[in-house]
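Please keep the sequence and the structure in view while reading.

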Amino acid sequence: MYNAVEIILGGVEDKLTLNNYIKKINPDIIIHAAAIKQVDTAEYNPTECIKTNINGAQNVIESALENQVEKYEQGLNGKLFKKRLVYSSDDKKFEVREFF
């Protein structure tokens, strides 16, 4: 179905750089998994957690929309829900569904 997979390791806090990169590679799908997932780290530094987990996710979503990316998947921290969950652009109401 897809010819190539490219894994990107980088920050999601800088929307301009993120948007330019998405525009450059023109992906069919984005699977977003960037997050501060350790609860103690998030409690110790909530500002960084918000910048990464909330603002960063917003940056990825907005960049995907602006670049008309066909599909978007958002991984969630299973430690919070005791199972692995994902938001998908396939879900008409963006409901949380079990990943596997």
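In this predicted model, the largest pocket holds about 980 Å³ of space. Among the 26 residues that line the largest pocket, Glu6, Ile7, Ile8, Ile30 and Ile31 are the closest to its centre.

**Lining of the largest pocket**

- Helix 1 and strand 1 are the elements that give two or more residues to the lining of the largest pocket.
- The most is given by helix 1, which supplies 5 residues to the lining of the largest pocket.
- By kind, the lining residues of the largest pocket comprise 18 nonpolar, 6 polar and 2 charged residues.

**Helix 1**

- Helix 1 covers residues 15–25, and Leu18, Asn19 and Ile22 are buried in it.
- Viewed down the axis of helix 1, these buried residues fall within an arc of 95 degrees, and therefore they line one face of the helix.
- The packing partners of the buried residues of helix 1 are strand 1 (29–32) and helix 3 (46–66).
- On the face of helix 1 turned away from its buried side are the exposed residues Leu16, Lys23 and Lys24.
- The N-terminal end of helix 1 is capped by Asp14, which has a side-chain oxygen 3.3 Å from the backbone nitrogen of Leu16.

**His32 in strand 1**

- His32 is a residue of strand 1.
- With a relative accessible area of 5%, His32 is buried, because buried means under 20% relative accessible area.
- Leaving aside residues up to four places away in sequence, His32 touches Val12, Ala57, Val60, Tyr72, Glu73, Gln74 and Gly75.

**Two residues with positive phi**

- Most residues other than glycine have a negative phi.
- Asn26 follows helix 1 and lies in the loop between helix 1 and strand 1.
- Although Asn26 is a residue other than glycine, its phi is positive, near 50 degrees.
- Asn26 has a relative accessibility of 56% and so counts as exposed, since exposed means over 50%.
- Gln68 belongs to the loop between helix 3 and strand 2 (71–75).
- Gln68 is not a glycine, yet its phi is positive, about 55 degrees.
- The relative accessible area of Gln68 is 71%, and Gln68 is therefore exposed.

Terms used
Residues numbered from 1 in each chain as written. Predicted model: local features only at pLDDT ≥ 70, side-chain atom pairs only at ≥ 80, totals over all residues. Heavy atoms only, no water. Buried < 20%, exposed > 50% of the residue type's maximum accessible area, 1.4 Å probe, protein only. Helix = DSSP H or I, 4+ residues; strand = E, 2+ residues; numbered from the N terminus. Arc of directions from axis to C-beta. Contact = heavy atoms within 4.5 Å. Polar contact = N/O pair within 3.5 Å; in protein donor to acceptor, adjacent residues only side chain to side chain. 1 Å grid on protein atoms, 1.4 Å probe; cavity = no way out; pocket = protein on both sides within 12 Å on 5 of 7 lines; lining within 4 Å. Points joined across faces, edges and corners; volume = space filled by probe spheres on them. Nonpolar A, V, L, I, M, F, W, Y, C, P; charged D, E, K, R; others polar.
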